[in-house]
Amino acid sequence: MTPRERPGGGPGGTPAAAPGDTAAAAPHPRTGGSDRRRARAWAELLRLPALFTVPGDALAGTAATGARPTPRTLLAIASSLCLYEAGMALNDWADRDVDAVERPHRPLPSGRIRPTAALTAAGTLTAAGLALAARAGRPALAVAAPLAATVWAYDLGLKHTPAGPLAMGTARGLDLLLGAAATTGRTRPALPSAALLGTHTLAVTTVSRQEAQGGSPVAPLAALATTALLTRLVTRRSATLTPRPGQTTAHARTGGPRAPWNPDRTPAAPLTTVLAAAYAATTARAYVHATLNPSPPLTQRAVGAGIRATIPLQATLTARSHGTATALLVAAFAPLGARFAKKVSVT
């Protein structure tokens, strides 16, 4: 029963307060509830739990270059968060008519957020993301600009075309390169990691295209096979030894004049294997269920698992580049994301 429906002598049906009653000075009960509902609506629109999948992009990109995180890395992470949320707001704005039929509970079709507010948020967040990238340097902005363009192109035109999953995979790969560019000004060493992460995102996006109505088991089966392939690739020892200044790569490989190892550069094969196993385990069961029964609920569950698996994959890529401490930091985002995903859906 709402306050308006309660009997009493006060405005809106609330009991009248006696003179001197301290309750009269308390905020109107509808104000707090309205604020909470508004905050909940924006959390749903922006899919806030999915934010935990973003910092690992820049950190994995940084590790792939052999560098450690710096203040510029933090700027790249902040830029990524803004551009990611811009894409979320724009996604619902572009899909508001479809969601009115398939997902009437979403914030826009349900009327909890106005379409103009969502579009304004998308534009503002995009501008903020580009500004933060510019603060990190020209190389970072050179990656952030096509990343922002890819996000807008996906939401406004490519999403419902065969190029949609590829565009989404490209965006995730560019986000990883943003971290590399911001930290070191170089992206080439991070290209393999970007390709692996982008492939995972492509597979998850392909599955998500049928999450509202269900469909063929081909997509989740292909995603399952992709997960197995990526797990094998990231556990191969392909990273080269990174020498300290004054020690050439050839010396590091052949045992020439030796320099002490940086503790953060020690081989991390066991950690890489453990994280890769966590990545595979996060998705395997959900993909199998969606393959056996590609109904909307099981498909949505598979998509959610794929999104969550982004974090252990990022951690695996970081550990593979011998960024042990950073990999553990990235992995720590997984339980946080899972906890918040129980309150707000990531799909």
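This is a short tour of a predicted model, stop by stop.

**Ground rules.** Numbering starts from 1 along each chain as its sequence is written.

**Whole chain.** Show the cartoon. The protein chain has 14 helices and zero strands; helices (H or I, at least four residues) and strands (E, at least two) are DSSP runs, numbered from the N terminus. Colour by burial: 46% of the 347 residues are buried. Buried means under 20% relative accessible area, exposed over 50%, and partly exposed in between (1.4 Å probe, protein chains only).

**Thr 65.** Select the loop between helix H2 (55–64) and helix H3 (71–94); Thr 65 is there. Thr 65 is buried, at 11% relative accessible area. Its side chain reaches the backbone oxygen of Thr 62 at 2.6 Å. Not counting residues up to four places away in sequence, Thr 65 touches Ala 180, Thr 184, Arg 186 and Pro 189.

**Trp 93.** Arg 96 lies over the face of Trp 93, 4.4 Å from the ring centre. The test asks for NZ of Lys or CZ of Arg within 6 Å of the ring centre and within 35 degrees of the ring normal.

**Tyr 154.** Move to helix H6 (residues 138–158), where Tyr 154 is found. Tyr 154 is buried, with a relative accessible area of 10%. Gly 164 is 10 residues away along the chain, yet the two C-alpha atoms are separated by 6.3 Å. Beyond neighbours within four places in sequence, Tyr 154 contacts Lys 159, Gly 164, Ala 167, Met 168 and Thr 205.

**Helix H9.** Select residues 218–234. This 17-residue helix reaches 24 Å from first C-alpha to last, close to the 24 Å expected at 1.5 Å a residue. The expected span is 1.5 Å times one less than the number of residues. Its buried residues include Ala 219, Ala 223, Thr 227 and Leu 230. Look down the axis: the buried residues of H9 fall within an arc of 135°, so they line one face. That arc is taken over the directions from the helix axis to the C-beta atoms. The face turned away from the buried side carries exposed Val 218 and Arg 232. Finally, show helix H8 (191–208), helix H11 (269–292) and helix H12 (296–320), which are among what covers the buried residues of H9.

Terms used:
Predicted model: local features only at pLDDT ≥ 70, side-chain atom pairs only at ≥ 80, totals over all residues. Heavy atoms only, no water. Polar contact = N/O pair within 3.5 Å; in protein donor to acceptor, adjacent residues only side chain to side chain. Contact = heavy atoms within 4.5 Å.
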